[in-house]
Amino acid sequence: MKDKEKGAGMLKKARFERNPEHKGSKSPSPTRASSKSPKRAGSGKMSDSRPQSAKSKSPSPSRKSSAKSRSSSGKRGSSSHERKKSKSPSPSRKGTTSASSRGRSAGKKKVRVKSPSRTQSGLKIRDLSDQGLTAVPPNLLVEKDLGIVNLSGNNLKNLPPEITRWDKLEKLDLSKNYGLRRTKANDNTSLPQEILTLVNLRELIISECNLQRLPPIIWQMTNLQVLDVSRNKINILVPEVGNLSNLKKINLKHTNITSLPPEIVYCQDLEEILLWGNKITTLPETLPELLKLKTLGLNYRDFCGQMDAMREKFLNTGQVKSDYIPQIVFDLPALESLDLEGTKINNMPETTNHGLRELNLSRNFLSALPRSVYNLNHLTLLNLSDNQFSTLPDELGNLRSLTKLRLANNQIHFLPLTIGNLKNLKELDVSFNKLKRLPINIKGLRNLKCLHAEKNDLTAVPDEICELVELETLNLTENNIHTLPMRLHRLTKLKDAHVYDRYNKHGLWLYKNPLTTPPMEIWRTDKTEKIFDFLKKLAIIKTENLQRQKMLVMGESQCGKSTLIMGLVHGISLSAAEEEDKGRRSKQEEADDNKKKNLDSNSENNLPEIEEKHSEVMPLTSKTEFIEQTIWKTENMVEFVINDFGGDDAYRISYPLFLDANALVLLVYDHSQYSKETHQTSIGQWLDLLSRYTPGVAIKLVGTKTDLSEDFFEVEETADLVQELVKDHLENHLGKLQMQLGQVEKDLKEAKVDPNQDYISHLEGHKKKLEYLISKPVKIIPEVATVSSQEGLPGVSSLVNSIELLAIDTELFPHGQRCIPELWNKLRARLKRRSGYYLSWEVVEKVASNCHVKEDAIENALQYLHDIGEVMWFKNNPGLSKILFHKPRLLVDLITSLYHHNFNEFFNYDENKVFMSLGKFNKDTFNEAVEIFVKYGQISRPLLSCLWFTHRLTDMKFTELLELMPYLDICYTIPQPEVPIGNNITLPLMVLPWYNKETAENDVVEDFEKSPPETMNPVTIEYLFPLCLPKGVFERISACLQDHVLTRIDWKNAVYATLDDASFLLLSSTSEQGNSFDCIKLMFKGQSNDLPTSSIKIVSQVIANTLHKVEGLVWKIKASQDAWSNHAIQFQRRNIPTEE
Ligand SMILES: Nc1nc2c(ncn2[C@@H]2O[C@H](COP(=O)(O)OP(=O)(O)O)[C@@H](O)[C@H]2O)c(=O)[nH]1
Ligand SMILES: [Mg+2]
């Protein structure tokens, strides 16, 4: 075995030296690369020079640079998806009967839940309510650390002096103890003097005790924050209440009082005064001085209670002004809710209730509001229903906090345009008005869930309503509407029609309209689906000039992509396909046999036309090779070319050629395998790939295999999780970009201190790129589709529906609907008729001119043909932009023949006669050639002929293809010696760096440093990738370097090579743990102390060009001042200088 390896090494050695004469023992041997070969290679003096390019320029003198290799670490924000549920127990509510739980307390014994025994601060809670006690139990009196004592519903006459022991008591409930009642004015025994020692007592409940006077001692309990004296007929609140300076809430409901003492304002902390159930006639003028008063619980209707019919009529017609609501109500600055419903007012004074959140003015005689209402910044609810408004001012749009706006039953003719500013609005009720149309600005109400517009004079529904994607209810009953907008189906949350939710109309309501589109049999339904389907079809049919669009189906291998496509295109389910497949397989075997027999007839001159497999059912049993292309026309005649990507790793390097930001991506994941843990492999890495290569691309997520799921809810839950994790993923990505932007801005500032133009330009370019990428995130189409390819294809038809709709969405795919000159179709047909693998630009121009397509239209025409998948044209790829792949299928085949997920099956010498007949291999030479290929990616000419045998190439075509391949950036070729030396069976002709399996260890760097001239430190340039380097980029750099180096040794992660005046080591390191950036390190050694500027220029230009091809990639270069100031580092995209 050892010997064999050595032999392979000997053979390979020759491949890396351009000058066969120098294949001396000191030259590098790639097989032994890991064992210090760079050193030896270095000692080989690298004197070999390529005969083709006699570059000889003495390196320019420059200071020796000592760029330290630094590695900066970047935080990769780990996103946590656990939603924190922090529900703190609220024992104080459960343990005692508070005023608010009145009414429930009757049944309390039956439903008594185990109350918590401690307060939040750890004090004891004692609930002795409804025990029939006549005195406080002695054992309670000796208890320490009591926090809450509930003695409600007993028959206590007083509290004993021993309560002083309850020194920590916070809350005391004495409600419903009728024995506490005292009639004599000076009888103070119910609450003893000792209660004043309870300095921690914050809350006292003494409601419903049948008191006629409150025990005066209460007014000395100045620490009280909550006082509930409701349901005692006290008739009057004494001025001493003003002593309670810490009071926050006072409950005075049903106490028979008619006013409040002015002294109440001394309770400056008051937030809540409850006065319901009293006949309040006046309020003290001082009330507005309560700056914290949020709630004034008042029955405002009392103020107009005595209105006679005559006066009411005058109010209604505006002949008199309503002025009986005390002005002070409108002057409470912190008031949160004001309910003046049905108070018969016809005007409202200016208000200074700046804290108002809810304002109910319904059922009055109002036709206008004071301006100050429109400045209520916190207002969330405004109810003006049942009034006399005929217009509303533009200022309505100032109320940006509004979530509910009720305008029903007025005389409104039109809504102000500013209504669109109410971005937070969830509910808008304009029913029973005189609206003829809804303003188009209504589209601004992005959060609207409910729109009531019944009983108006609407003659149409504006298209803009279709933007209100949160709508759940849209009531259009009794209007004059003939047609519904075609895009109404976008309102996906508008699911029901003509149903009730409790007593409210819910969903879409259309009764009592002269509707013709859709017709009655369609719109009379309780699910909007039928209506929407009708409208969608209509929309698609009415879309003119809809062109074929490209769809990329991506996702992990075996997640169900190809099966899904079968369902989409042919409506075939898995089991049906398996049946069909069986039949086909036997036919296929037959055909294969025939093929093998015909093998020797590969000397034909003409390239065979390989038919594109349009719409042909693909075999199921075989895994998808690199890419399958299928043309699909939906029932509604929306046409796609589907690119089904083989998910296998082997194909990753060639993906970029087929990714397309103009296409719709179906990102497929296996629903049954999906979890938070598998997110990265099943979805995350694909999002990363797409963000890198096609910023801004539209992505629809599709979960397959839902049949393997237990129930429907699980499917929904998983889809929700997907949505959440994807959102996090993209936010995380954006966060990283923003962090980088911050960093580069900082770097720029620092760089300007000691300016170096090249470095600054590099940073500026970096900054621009980051800004561009931040502005162009991939677009995730809302709603994850979930499908199964089992019987009945559940979910597939709705996926088809949504794909069709995406295709006609001009915002997403503006190019999908364009007018195409007839000539372009002619051009297409003529181009397709040409033979060969690709067409040169001259041929393209000739064909175009024959079809009368003008020169300046060629590019547009080609772009169009590229978009619809008829040709492949890499407009932005400098090497390929002047080549046209007029038959994409052939390009796919070409790549597939080199990158295969299952070469083991193909490389079977005994089964596959091609190796013997075409490759002239014997078993040993074959094994050797294969081993070199799968280990180092080196392919010899005979092996390549075998891989390409299905193409039946002539020598000329073979050479032509060989010349083409390097332009695809996936491989490089090696010139063959003019005089064949020995056995060329293993002599490499082409190298595919992707296959190289040998990793360079750390010692290559040491070796490089020690290599001669030993006294010199290498110049180091680092490329840092804060967003990780996609797979395959390093390999592409490796391939592209070939044109510029003299000798080289390759590893999987490194290239060591020589140029005229220097040698370099290129090393890629990826950070698996994510605690530092991916990095490509470039180390140079010149022959003297001078900076090897020209070599650095060449190599850094190759790197820059390759990196620039990845649109979404960002990188930062770290290098010494020296390198920057000599303009050595190339960082912009350029054509590589061939001659210095
Ligand atoms: N149960 C179930 N199996 C499926 C479904 N779709 C695909 N499969 C199976 O999943 C495997 C991979 O499918 P395939 O379409 O080749 O995956 P691809 O690699 O993503 O193209 C095959 O064995 C299919 O039979 C599905 O909806 N339900
Ligand atoms: Mg597949």
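Is threonine 1047 buried or exposed? Threonine 1047 is buried, with a relative accessible area of 7%, where buried means under 20%, exposed over 50% and partly exposed in between, using a 1.4 Å probe and protein chains only. Keep in mind that this is a predicted model, in which local features need pLDDT of at least 70, side-chain atom pairs count only at pLDDT 80 or more, and totals for chains, interfaces and linings use all residues. Residues are numbered from 1 along each chain as its sequence is written, chains are lettered from A and ligands numbered from 1 in the order in which they are written, and side-chain values use heavy atoms, with hydrogens and water left out.

Back to threonine 1047, then. This residue sits in strand β32, residues 1047–1050; strands (E, at least two residues) and helices (H or I, at least four) are DSSP runs numbered from the N terminus. Its side chain makes a polar contact with the side chain of threonine 1058 at 2.6 Å. Such a contact is a pair of N or O atoms within 3.5 Å; within protein, one must be able to donate a hydrogen and the other to accept it, and residues adjacent in sequence count only if both atoms are side-chain atoms.

Now for the wider view. The protein has 28 helices and 36 strands, and 53% of its 1140 residues count as buried. Take contacts (heavy atoms within 4.5 Å) between residues at least 6 apart in sequence: 58% of them join residues at least 24 apart.

What about the interior? The largest nonpolar core holds 124 residues, and Leu151, Trp166, Leu172, Ile273 and Leu296 touch the most other members. A core here is a set of buried Ala, Val, Leu, Ile, Met, Phe, Trp, Tyr and Cys residues joined through side-chain atoms within 4.5 Å. Helices α5, α7 and α8 and strand β2 each supply at least two residues of this core, and the largest share, three residues, comes from α8. A second, separate core has 115 residues, among them Phe903, Trp948, Tyr1023 and Val1102.

On to the aromatics: the whole structure has 27 aromatic pairs. Rings of Phe, Tyr and Trp (its six-membered ring) pair if their centres lie within 6.5 Å; planes under 30 degrees apart count as stacked, over 60 as edge-to-face and the rest as tilted. Tryptophan 948 and phenylalanine 958 are an edge-to-face pair, 5.5 Å centre to centre with 65° between the planes. Tryptophan 948 lies in the loop between α23 and α24 and phenylalanine 958 in helix α24, so the pair ties together parts that are 10 residues apart in sequence. Both of these residues are buried.

Helix α15 (residues 796–807) is worth a stop too. Nine of its 12 residues are buried, so α15 is largely enclosed by the rest of the structure; Val796, Leu799 and Ile803 are among them. In the loop between α15 and α16 comes glycine 816, which is buried with a relative accessible area of 0%. Glycine 816 touches Asn545, Leu546, Gln547 and Gln549, not counting residues up to four places away in sequence.

Finally, some backbone details. A cis peptide bond joins threonine 517 and proline 518, with omega about 0°, and proline 518 is in the loop between β18 and α7. Lysine 705 has a positive phi of about 60° although it is not a glycine; this lysine 705 is in the loop between β23 and α13 and is partly exposed, at 25% relative accessible area.
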